[in-house]
2 protein chains.
Amino acid sequence: MSYLSFIECAKCGEKYSSKIPLNLCHCGGPLLARYDLKAIKEKVDKSIFKTRNKGLWRFKELLPIEEEKNIVSLGEGDTPIIQAKKLGKVIGLENLYIKDEGLNPTGTFKARGATVGVSKAKELGIKTIAMPTAGNAGGSWAAYAAKADIELIVAMPQDAPEIAQKEAFICGAKTYLVNGLISDAGKIIADGVKRHGWFDAATLKEPYRIEGKKTMGIEIAEYFNWEFPDVILYPTGGGVGIIGIWKAFQELKELGWIGDKIPKLVAVQSEGCNPIVKAYEEGKEVSEFCTNASSIVGGIRVPKAIGDFLVLKAVRESNGTAVEVKETDILESLNLIARTEGLLICPEGATLVAAVIKLLKSGFINKGEKIVLLNTGTGIKYTSLIEAALPVLNIGDKI
Amino acid sequence: MSYLSFIECAKCGEKYSSKIPLNLCHCGGPLLARYDLKAIKEKVDKSIFKTRNKGLWRFKELLPIEEEKNIVSLGEGDTPIIQAKKLGKVIGLENLYIKDEGLNPTGTFKARGATVGVSKAKELGIKTIAMPTAGNAGGSWAAYAAKADIELIVAMPQDAPEIAQKEAFICGAKTYLVNGLISDAGKIIADGVKRHGWFDAATLKEPYRIEGKKTMGIEIAEYFNWEFPDVILYPTGGGVGIIGIWKAFQELKELGWIGDKIPKLVAVQSEGCNPIVKAYEEGKEVSEFCTNASSIVGGIRVPKAIGDFLVLKAVRESNGTAVEVKETDILESLNLIARTEGLLICPEGATLVAAVIKLLKSGFINKGEKIVLLNTGTGIKYTSLIEAALPVLNIGDKI
């Protein structure tokens with residue numbers, strides 16, 4: 001099953017046992033799961049994954065669950081990678097791909113983090129989980145917590161998508177709205193955690209959510225026959241996905257399963273909330289709190305990510321970049337990809353279309369390169385952004 | 001690739017070439033695709049499907065596309081089958097499963113029909129498709145038509161889910177709302193088809209949509225190691241899914257790929273629109289037009305299905321049944337499955353939970369039988385049905 005061996009602080013390197021519930025390191029750094037990669041290299045042939053039932057649990061050796069019975073699954077992972085020929089032609093790219101995370105349970109890549117995070121919580125005997133969320137993670141964790149019979153407490157901004165609010169609610173999570181940003185919701189949860197002893201599952205405050213996100217990187221490598229594409233663009237809020245893909249890359253490299261090619265990782269944000277882009281441009285190792293964060297893209301509206309230094313490291317070490325897009329370009333991008341590729345994606349994903357156009361113009365991307373846009377969720381949750389004034393016919397009318 | 005051999009009328013048996021666009025038979029009956037099953041039996045080993053990339057195009061030998069380049073895919077099919085242990089326990093069933101079609105592109109099983117229907121239209125050189133829809137099929141076909149560069153005209157009831165309206169619109173379909181039922185939209189489309197020469201893709205008015213739906217049956221058989229479960233429950237509007245599963249069963253049987261076990265097929269409707277249930281109970285071979293059809297379940301609100309005789313045949317020959325549920329039980333079922341299994345399903349799917357409870361009480365189902373509920377779509381599109389009055393906290397408040 002799992003080759004999990006210990007947990008390590010991403011900042012100071014301190015090691016922890018994986019047999020007990022863990023949050024942050026005593027130094028305040030986020031903790032990462034480490035595996036016995038040497039043993040995997042000896043005993044596991046990567047061709048085995050294709051023979052297993054679909055879903056991210058195919059990669060169980062590289063996931064942190066010790067006993068199969070603890071896996072809480074709703075059929076997540078193995079989302080399609082679609083070649084976007086028509087959109088590519090419009091933009092001027094010959095090898096453009098979209099990985100569509102909207103085909104996960106709860107319609108978002110958050111399901112990857114939730115399946116692993118909740119499964120590990122179950123394995124460790126945790127009874128109550130609490131988390132702040134922009135909306136989607138709360139909906140996803142509520143679904144998995146319901147199946148696992150674990151109590152969940154979530155707090156999200158009052159203007160979080162109504163669908164995510166209802167998702168969390170109907171799955172039985174204790175759901176609170178907060179008159180503020182996700183960082184304010186985070187403070188309320190952190191206080192409750194201290195006073196009630198709940199387990200804190202905020203972004204990167206537990207080591208396992210990122211392990212689920214990591215599987216996006218493994219799936220991309222496997223799809224391209226264990227090579228990586230040239231560039232992967234990722235809409236960056238908390239940044240767990242881009243850190244996860246970077247972690248997958250490092251593990252696959254150490255396993256000798258991939259070649260030397262490094263994918264350039266591009267963190268995409270909106271001008272309305274761009275702390276990572278600012279820090280990248282200013283050559284800083286950590287970001288500064290973005291005051292007055294405002295964007296129609298809820299998932300990117302994270303003023304200060306706890307894993308900012310890891311995002312910046314992944315971007316720099318992969319020779320990638322960080323780029324912001326205009327708020328006004330986001331809906332236009334959403335429309336463009338729907339009309340050309342038939343994909344109704346989330347606004348977070350739509351930022352990537354605007355970003356790839358910008359990077360092609362700047363010369364960072366060449367037209368022949370293999371580019372993957374990582375669309376993090378379905379647009380079905382965001383149709384309130386679409387205005388459609390449709391003609392109404394009466395019985396007997398003709399078109 | 002495909003072993004398609006000819007097209008046959010389901011009513012009078014008349015044969016047609018598959019090389020030209022086809023709608024209904026001259027007798028008015030719907031047309032079905034027939035394959036050279038003898039050749040498949042000789043040349044294809046069913047274990048091959050597991051080795052292929054995931055998605056319903058794994059079963060290409062049993063699908064009607066001749067050339068791979070004509071396949072228009074957004075990653076549909078191979079949806080998860082989830083064992084519902086907690087819900088089963090509440091209801092009193094030991095082997096309850098849910099096939100979750102919400103994990104298809106556009107969030108519904110309609111994507112299966114659309115990928116095959118649009119691909120075949122592309123192969124046949126069709127430029128403009130028109131169809132009436134309750135909403136979801138329109139959204140799905142719009143997505144695939146956009147990718148295929150085929151013009152699509154859809155007409156749907158004015159009270160079709162707003163999300164489906166916007167889905168069709170943003171993907172570039174010419175979208176009309178109709179002040180009436182889907183049958184009224186059907187008349188307007190039929191008139192336009194006559195006058196403009198559009199290709200009519202209404203339910204069962206072209207032979208290929210059902211081929212996509214058929215793959216649900218193949219996937220279920222494969223999941224249970226090429227046996228069928230005891231009972232499959234299916235929410236029935238136009239009924240293409242249940243006919244498709246029945247067709248899959250017959251083809252797999254003729255291929256010798258499955259054992260003798262016949263799954264009982266159960267057509268589930270709502271008391272607000274129950275023409276199939278009425279016809280079944282009255283021993284009739286066709287249904288009567290249901291006047292004053294009214295239900296919160298849009299996909300079931302089909303007053304008279306063109307394939308009603310096939311649905312009734314499938315139900316009777318499989319020793320299944322047809323059952324209606326109370327409108328008031330539907331939302332309760334939606335809540336129950338979310339709280340127990342973490343699945344936010346569509347109201348169509350929720351009718352199955354109410355139906356399975358009813359059939360267990362009546363003795364039609366035994367507690368040890370393997371039961372599959374075929375949830376046809378995601379509940380994300382129907383959160384307007386959920387009422388959630390959530391507490392609002394201010395900065396500094398405590399939980």
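**Entry 1. Helices over the sheet**

Helices (H or I, at least four residues) and strands (E, at least two) are DSSP runs numbered from the N terminus.

I note that this is a predicted model, in which local features need pLDDT of at least 70 and side-chain atom pairs count only at pLDDT 80 or more, while totals for chains, interfaces and linings use all residues. Residues are numbered from 1 along each chain as its sequence is written, and chains are lettered from A and ligands numbered from 1 in the order in which they are written.

I then turned to helix 6 of chain B, which lies across strand 14 of chain A and across strands 6, 7, 8 and 9 of chain B. Its angle to strand 6 of chain B is about 155 degrees.

**Entry 2. A sheet with strands from both chains**

I traced an open sheet of 5 strands in the order 14(A)-8(B)-7(B)-6(B)-9(B), with parallel pairing; two strands pair if DSSP finds at least two bridges between them. Strand 14 of chain A and strand 9 (199-200) of chain B each have a single partner strand, so one side of each is left without a neighbour in the sheet.

Strand 14 of chain A (residues 392-394) joins strand 8 of chain B through 3 bridges, and I found Val392(A) opposite Leu177(B). Between strand 6 (residues 128-132) and strand 7 of chain B I recorded 5 bridges, with Ile129(B) partnered by Leu152(B).

**Entry 3. The contact between the chains**

I recorded 60 residues from chain B and 60 residues from chain A in the contact. Helix 5 of chain B gives the largest share of the chain B side, 7 residues.

**Entry 4. Strand 10 of chain B**

Is strand 10 (residues 231-235) of chain B mostly covered or uncovered? I found 5 of its 5 residues buried, that is, with 20 or more other C-beta atoms within 10 Å of their own. Val231(B), Leu233(B) and Pro235(B) lie on one side, and Ile232(B) and Tyr234(B) on the other.

Strand 10 of chain B pairs in parallel with strand 11 (residues 264-270) of chain B over 5 bridges and with strand 13 (residues 370-375) of chain B over 3 bridges. Ile232(B) has Leu265(B) as its bridge partner in strand 11 of chain B and stands opposite Val372(B) in strand 13 of chain B.

Definitions and conventions
Two residues are in contact if their C-beta atoms, placed from the backbone, lie within 7 Å. Axes are lines fitted to C-alpha atoms, for helices over the stretch in contact, and angles run from 0 to 180 degrees between N-to-C directions. A residue is buried if 20 or more other C-beta atoms lie within 10 Å of its own, exposed if 12 or fewer, and partly exposed in between; C-beta atoms are placed from the backbone.
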